[in-house]
Amino acid sequence: MKRMVVIVFMVLLAISIYSCKKGEVDQKYAAHYTEAVSSLLWCRGTSSSGTIKINPQIEVIDRDSFGRILFSYKEGFSADLKDLSSINIYAFLVMQAEDTDFVYFYEGNNYICVDFNNYQEESIQKQIDELKKSNDWEKEFNLNKCIKKCKSAKKILNSFDNNVKSYIKLKKKEVGADLRVCTSAQDNFGRTIISMSEFGMTPWVGKLIVCIIQPDGSVICSDDYNIVFDYYEYHNSLEALKNVANWNNEFITK
């Protein structure tokens, strides 16, 4: 019996490790995953249980009669993402549509993040209702208001040149702590958003830094423009930083 338990455990462990190496979520959630990691800051794209990496939890909550989808996205430090204390990202997002290759959504206006340290069901429901309203829930689909992203079930990898790596190393030295670096949205002209948060088992109590890497490798950093980021509500701050970086406009070398 003990041998059987050990064999089962080793098989499950191998599957988990293989899944981690593949770095992919379930293909049926590729559109949801793509929208989440292209919208939310601080994403790792995975959760973890001990030393084992597991997929984030994605759940379809509601659909309207025009095909829009309201879904939730959770990442955490435990396999039990029902336990709010183990979560580091809990968000609701609205997807406008998807097709074979792309997912469509309203950039910057398609998500809310849940403050799980002050979780109140009634308050969350009000935020969800506002999210639906601002995303034209139960109205005709309007492609002109959407951006589109190529669907992928693969985790976004941090791939930085030496200048950016040096910049991140400098920031870690300034903060005096290890910073978790996550890549999120990319625009159509080569810019990339990275978020840096103080790493630890009690997340979001330390420094939060957001940067936009320009196509030439230069960095637009929130610290340099006194733009303060809050973990749960950062829509306005992110929009301000994008404006500084001239987000989604042609990059002109100075």
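Visitor: Does Lys171 count as buried or exposed, and at what relative accessibility?
Guide: Lys171 counts as buried because its relative accessibility is 6%. Buried means under 20% relative accessible area, exposed over 50%, and partly exposed in between (1.4 Å probe, protein chains only). A word on the background: this is a predicted model, in which local features need pLDDT of at least 70, side-chain atom pairs count only at pLDDT 80 or more, and totals for chains, interfaces and linings use all residues. Residues are numbered from 1 along each chain as its sequence is written, and side-chain values use heavy atoms, with hydrogens and water left out.

Visitor: With which residue does Lys171 form a salt bridge?
Guide: Side chains of opposite charge can pair when their charged atoms come close. A salt bridge is a side-chain nitrogen of Lys or Arg within 4 Å of a carboxyl oxygen of Asp or Glu. Here the partner of Lys171 is Asp223, with the closest N and O atoms 3.3 Å apart. Lys171 sits in helix α4 (residues 162–175) and Asp223 in the loop between β13 (219–221) and α5, so their pairing ties together parts 52 residues apart in sequence. Helices (H or I, at least four residues) and strands (E, at least two) are DSSP runs, numbered from the N terminus. Asp223 counts as partly exposed, at 26% relative accessibility.

Visitor: Which residues are linked with Lys171 in a network of salt bridges?
Guide: That network links Lys171 with Glu174, Lys207 and Asp223. A search of the whole structure finds 11 salt bridges. One of them joins Glu122 and Lys126, whose closest N and O atoms are 3.9 Å apart. These two are four residues apart in helix α3, which means about one helical turn separates them. Both Glu122 and Lys126 are exposed.

Visitor: How many residues does the largest nonpolar core have?
Guide: In soluble globular proteins, nonpolar side chains tend to be buried together. A nonpolar core is a set of buried Ala, Val, Leu, Ile, Met, Phe, Trp, Tyr and Cys residues joined through side-chain atoms within 4.5 Å. The largest one here has 51 residues, and Leu40, Tyr73, Phe92 and Tyr234 have the most contacts inside it. Strand β5 gives the most to this core, with eight residues.

Visitor: What does Tyr234 touch?
Guide: Contact means heavy atoms within 4.5 Å. Leaving aside residues up to four places away in sequence, Tyr234 touches Ser39, Leu40, Leu41, Trp42, Tyr111, Cys113 and Phe229.
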